[in-house]
Amino acid sequence: MPFRFLITSVEGVKIIIPKFFTDFRGSFYETYKRSEFSYNGIPDSFQQQNISISRKNVLRGLHFQIDPFAQGKLVSVLFGKIFDVAVDLRMNSPTFGKYISIILTAEEGNMIWIPEGFAHGFLSMEENTRVSYLTTKEYSPEHERGVIWNDPDIGIEWPENNVILSEKDSHFPRLADADINFIYRVK
């Protein structure tokens, strides 16, 4: 099997580590294999792929979409390095409001699966970092929501506090004040 699927402390979130095949020419690794991902509980119906290119210290997030456009995301780095975060927004989850973080790098090829019901964000740790994420639903501006990146109730320990934010991301509410006209359920 060309992947290892690691269970995390937050139900549903998985770390995926590919197997590299290396010889005198360089390296090769698979980034997705439907049969293995499906067997490990990751949907096989991705609807959109996004690629962002960010300067060092750009923070994107914490974003999510509400139903019927709630998104699961498969996140990987094509160039550079990020500090990636998923915050559990599932009201009936024992880890509601808690987060999981991981450093993803192009060099390691590691990935994170974030199911529906999570806010997602990342901090670019190198110049011109390129992030790819496959989503299970298409982007819908009317269904997009967010939570402020430095919400003290969530308490994310970002590796950098002097971050570059978009205007939109800098005005997201705290989770306690968010207009959450949705109730995610642990599936």
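Is L62 buried or exposed? With a relative accessibility of 0%, L62 counts as buried, where buried means under 20% relative accessible area, exposed over 50% and partly exposed in between, computed with a 1.4 Å probe on protein chains only. The structure is a predicted model, in which local features need pLDDT of at least 70 and side-chain atom pairs count only at pLDDT 80 or more, whereas totals for chains, interfaces and linings use all residues. Residues are numbered from 1 along each chain as its sequence is written, and side-chain values use heavy atoms, with hydrogens and water left out.

L62 is found in strand β6; strands (E, at least two residues) and helices (H or I, at least four) are DSSP runs numbered from the N terminus.

An open sheet is formed by six strands in the order β1-β2-β10-β7-β12-β5, with antiparallel pairing. The edges are taken by β1 (3-7) and β5 (48-54), each with a single partner strand, so one side of each is left without a neighbour in the sheet. On average, neighbouring strands of this sheet are turned by 25 degrees against each other, direction ignored; the axes are lines fitted to C-alpha atoms (for helices over the stretch in contact), and angles run from 0 to 180 degrees between N-to-C directions.

Two strands pair if DSSP finds at least two bridges between them. β1 is joined to β2 (residues 14-18) by five bridges in the antiparallel sense, and F3 stands opposite P18 in β2. Three bridges pair β2 with β10, also antiparallel; here W113 of β10 is the bridge partner of K14.

The loop between β9 (99-105) and β10 (111-114) contains N110. N110 is buried, at 6% relative accessible area. A polar atom of the N110 side chain lies 3.0 Å from the backbone oxygen of I103. Contacts of N110 (heavy atoms within 4.5 Å), not counting residues up to four places away in sequence, include I16, P18, V75 and S76. I102, I103, L104 and T105 are also among the residues that N110 touches.

Ten aromatic pairs are present. Rings of Phe, Tyr and Trp (its six-membered ring) pair if their centres lie within 6.5 Å; planes under 30 degrees apart count as stacked, over 60 as edge-to-face and the rest as tilted. The ring centres of F20 and Y29 are 4.3 Å apart and their planes stand at 35 degrees, so this pair is tilted. F20 is partly exposed at 31% relative accessibility, and Y29 is partly exposed at 25%. Ring pairs also link F3, F5, Y32, F37, F46 and W113 into a cluster.

Technical notes
A polar contact is a pair of N or O atoms within 3.5 Å; within protein, one must be able to donate a hydrogen and the other to accept it, and residues adjacent in sequence count only if both atoms are side-chain atoms.
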